[in-house]
Amino acid sequence: MNFESAMFQPCKEWMASEKTSGKAWDELEKLGVSSAELDSQLNKYIDELGWPEELDIETWMQFVSYYKNQLYPISSITEDDIVAIDDGGPVNMYTVPHGITSAWQKYSDSLQAKLSHESIANIRQGCIWTLRHLKEDTRSLGSVKGLVTGSVQSGKTANMEGLVSMAADYGWNFFIILSGTIENLRKQTRDRFMGDLRNSEGGVLWRVLDFSGADKSYSAEELQLNALNGPKTYSSRYVTVCLKNKSRLTKLIDWLYEGPNRTSKLRVLIIDDEADQASINTAEITADDEQERCSINQLIVNLANGRLADGRKPTIQMQAINYISYTATPYANVLNESGVESLYPKDFICSLSEAREYFGPTVIFGNNEIERPGFDIVRSISSADEIHLKNLHKGKAFGLPDSMKDSIAWFLCAAATLRLAGHKKSISMLVHTTQLQKEHWAAYSEIIKWLKKTDEVIAHCKLKYDSELSSVSREDLSLANPDYPDIEKVREYDFAFSDIEEEIGEIISSIDSIQMDEDKSLSYTNGLHICVDNSQANKYAEEGTYLRIVYPTSDQLEKMDKAPVFLVIGGNTLSRGLTVDGLICTYFARNVNQADTLMQMARWFGYRKGYELLQRIWLTQQSVIKFKALAKIDTDLKSEVKLFMERGISPSDFGPRIRNTPEISKFLITAKKKSQSAVYGDFDFCGDSYETTRFEYGDVLEGNLAIAEDFAKKLESRYQRKRSTVRKAEVWREVDREFVQKEFLDKYQISERDTLFNNIGIFCEWMDEVNQEGKFLFWNVAYIDGDNKSEPWSPVQGMSLGLAERTRIAFKNNEELNYIDIGSLRSGRDAICDVDEDSLSAKQKELFDITEKSGKDIISRRCDFNLGDRPLLLVYAIKKNGGKTKQPKRTPMDASTDIVGISIIVPGNSIGESHARSLRVKLSND
């Protein structure tokens with residue numbers, strides 16, 4: 001039975017009301033009566049409440065289960081589900097709005113066709129947590145300032161709209177969306193809010209004010225607003241999307257205060273979209289009384305603090321002002337400045353969770369800490385091709401580099417495959433090689449020239465199709481993201497090239513821009529639309545064409561025979577805010593040295609429902625290194641917020657740090673002018689781990705095995721060894737750090753291909769510095785006892801260790817490797833093999849059992865188990881010919897001798913400690 005049908009609406013309303021009043025699920029199943037009375041009570045509700053006449057007891061039980069587990073798990077909304085910190089003050093105990101007049105209910109229902117139930121639950125949880133931290137009267141306490149951060153392309157706009165809908169239900173009446181610096185993106189945001197809110201209109205009447213056209217002269221006195229404690233006469237709620245522009249912000253602020261009778265009734269929620277762009281103060285930061293801010297930041301500060309545009313206090317205050325920053329890259333927001341007169345999120349910081357179907361940095365690039373190998377959809381742009389592109393931009397070279405031909409050929413194959421399968425939504429490729437607008441035309445010209453060589457293009461497509469189609473499987477996705485929902489339903493396309501060849505031919509038979517009619521309406525063909533998206537593009541467009549990217553409306557798509565195909569060339573306009581519809585292929589060769597800018601350019605993060613296995617990304621090697629470092633930054637920042645939450649630390653008491661490691665040091669976290677109050681230190685290895693995963697064939701392997709055996713013998717002669725009680729390992733505790741350095745780390749040879757190779761020297765220098773401060777003077781060393789006991793390893797007489805079994809990666813980017821790459825070495829819980837259970841208190845033991853069972857936050861938890869000052873060196877012996885696998889890209893080991901791999905675990909989180917080597921904002925009360 002369809003529980004989403006309208007006839008179940010009365011049941012939903014009753015259920016929501018009962019849950020809000022605190023009823024338990026078993027009470028709802030029994031309708032509040034005994035089993036004997038259940039049937040008559042059900043019939044009573046059918047008669048009196050308009051429940052479906054077809055409803056029987058069995059169906060009712062099914063409905064309750066469906067409601068509980070899929071649609072409205074209100075009971076699951078707890079503080080534990082949200083990674084967030086706040087100021088510790090009282091919060092509003094709002095419940096999730098419900099009922100046919102609820103704006104949130106209408107909006108939530110509209111999401112059913114777009115998102116999974118789990119995704120909607122994530123949105124609901126984030127919105128209700130944030131809503132509870134807003135204040136409906138800020139006149140005496142001052143404005144609320146918070147920060148909501150979520151991953152790039154993960155659905156922040158849906159969370160904004162959800163929060164606006166919930167707040168509207170609870171009486172907030174004016175919503176200001178601050179939207180970037182590009183007018184096209186502002187219009188895109190305005191249109192989405194206008195469409196999504198009005199399409200879900202119910203008891204709330206939405207009015208989107210654009211201050212153009214009909215509402216250009218709309219007066220503040222015309223606003224229909226209810227007083228906080230007065231009668232609820234009006235159902236109107238107002239939304240305006242304002243560009244971060246000096247003139248527009250000034251006009252908006254002046255307009256808000258022009259009607260005193262209305263100003264006092266304004267309960268305002270300001271959402272600063274992409275809050276690390278334009279909103280940040282880039283003027284030199286001085287003492288508050290001498291501060292000269294950049295103009296846009298000053299206007300937003302005035303707006304958020306209830307001031308007039310010129311900074312003066314108004315004669316009458318708004319009833320409530322709540323300012324929330326939204327961004328996927330909050331580095332500038334927490335590194336720039338703090339204090340009442342700034343936009344620092346003093347009241348709360350909330351990190352939105354990612355839906356399971358989201359393709360983010362961890363899924364694509366992997367994470368050894370959680371044993372995720374990454375998704376093999378990244379292809380290489382060679383250094384020779386990079387040079388070719390630079391010369392192409394300067395007019396010193398012609399023709400496309402081979403990697404770009406490969407990417408376009410695969411894009412045409414993937415687009416043809418989707419069209420043949422009946423896909424009807426837009427399909428796109430993004431080419432981003434430079435930010436300079438004039439250089440976009442060089443790529444534009446050469447791409448069109450190549451695409452017109454039909455026979456060559458078709459031949460190249462066949463070559464790429466044969467090599468790429470089977471290179472990524474459903475099993476690969478399962479390894480990259482074991483939580484991906486309904487993975488058995490992910491389609492593995494198996495068309496022969498002959499099946500799609502005609503479709504490719506049709507796509508490239510018409511290569512043109514989007515067509516523009518005399519009335520400025522846009523139309524689309526079944527061919528390939530080449531777009532150049534920059535602010536100057538349409539000045540060079542031929543008459544009757546539109547060069548910038550504008551996707552068909554849903555009505556236009558409905559009328560089209562086939563999915564439209566777009567190849568988009570651009571730079572900065574495509575790097576933030578703009579969603580590239582149906583992005584299936586990306587060619588990214590731009591060199592970026594700023595972390596937040598680079599992360600925002602990763603438009604390939606997001607949702608790829610229906611074409612999960614077809615997506616591909618072409619990147620330079622330096623970009624891959626940087627994105628992997630960014631994934632670490634992102635993970636660390638979320639872990640930091642979680643740690644603050646657990647320790648009850650308010651954002652106004654301590655600024656979240658951002659780790660500064662050797663990989664990250666190669667580029668800026670954010671612009672220097674956006675991080676003026678950051679306390680810069682040296683590298684920070686606290687709370688981190690490193691491991692060897694790449695090894696060279698040859699004598700080095702035998703040498704490392706001998707070094708590990710000699711080290712074990714020397715340990716045995718000087719320190720007491722004990723068998724671990726929690727993992728299979730032999731442990732020496734409190735080993736002098738200099739001994740570890742001299743007898744092992746200085747001797748052990750690391751492959752130049754391994755990421756640890758470039759870090760080990762800096763790590764040892766850093767360790768020398770913290771040793772001088774009396775930190776990390778002693779280490780624990782553990783030799784792991786592997787599962788394979790057929791040929792045990794005996795580095796010390798009387799100690800018999802099983803060998804670890806790993807497989808190696810056979811191919812990367814469809815090329816066979818000439819070195820050993822095992823992907824990951826350490827099993828997660830090995831990082832607590834040196835815990836001395838006898839030394840733990842009852843409370844510590846309880847926490848340890850939880851940590852060991854869950855496998856989460858293991859490294860940061862070492863501090864809770866008396867290991868906060870004990871780094872751990874793990875030594876593994878990997879069987880030279882071991883490992884079994886059914887994966888086509890992995891193979892058993894084939895080394896000449898057993899391989900010694902190591903992992904180094906550094907405990908701590910450095911919060912407030914003098915040896916911290918990281919970036920964090922210097923707070924006004926430091």
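Exposed, in these legends, means over 50% relative accessible area, buried means under 20%, and partly exposed lies in between. Keep in mind that the model shown here is predicted.

**View A. Two loop residues with positive phi.**
Let's start with Lys520, which sits in the loop between β13 (514–516) and β14 (522–523). Its phi is near 75°, a positive value in a residue other than glycine. Is Lys520 buried or exposed? With 60% relative accessibility, Lys520 counts as exposed, because the cut-off for that word is over 50%. A second example is Asn866, found in the loop between α27 (858–861) and β34 (872–878). Asn866 is not a glycine either, yet its phi is positive at about 65°. Its relative accessibility is 43%, so Asn866 counts as partly exposed.

The strands β13 and β14 return here in an open, antiparallel sheet with the order β14-β13-β16. The edges belong to β14 and β16 (545–546); each has a single partner strand, so one side of each has no neighbour in the sheet. Look for the two bridges that join the antiparallel strands β13 and β14. Met516 has Leu522 in β14 as its bridge partner.

**View C. Strand β17, covered on both faces.**
How many of the six residues of β17 (565–570) are buried? The count is six of six. On one side you will find Val565, Leu567 and Ile569, and on the other Phe566, Val568 and Gly570, all of them buried. Strand β11 (427–432) pairs with β17 in the parallel sense over five bridges, and Ser428 has Phe566 as its bridge partner. Strand β15 (528–533) also runs parallel to β17, joined to it by six bridges. There, Ile530 stands opposite Leu567.

The structure holds 41 aromatic pairs. One of them is the edge-to-face pair of Phe588 and Trp604, with 5.6 Å centre to centre and 75° between the planes. Phe588 belongs to strand β18 (583–588) and Trp604 to the loop between α21 (595–600) and β19 (606–607), so the pair ties together parts 16 residues apart in sequence. Phe588 is buried at 1% relative accessible area, and Trp604 is buried at 2%. Tyr783 and Trp793 form a stacked pair, 5.7 Å centre to centre with 20° between the planes. Since Tyr783 lies in β27 and Trp793 in β28 (788–796), this pair ties together parts that are ten residues apart in sequence. Both Tyr783 and Trp793 are buried. Finally, look for the cluster in which ring pairs link Phe8, Trp14, Tyr45, Trp51, Trp60 and Phe63.

Methods: Residues are numbered from 1 along each chain as its sequence is written. This is a predicted model: local features need pLDDT of at least 70, side-chain atom pairs count only at pLDDT 80 or more; totals for chains, interfaces and linings use all residues. Side-chain values use heavy atoms; hydrogens and water are left out. Buried means under 20% relative accessible area, exposed over 50%, partly exposed in between (1.4 Å probe, protein chains only). Helices (H or I, at least four residues) and strands (E, at least two) are DSSP runs, numbered from the N terminus. Two strands pair if DSSP finds at least two bridges between them. Rings of Phe, Tyr and Trp (its six-membered ring) pair if their centres lie within 6.5 Å; planes under 30 degrees apart count as stacked, over 60 as edge-to-face and the rest as tilted.
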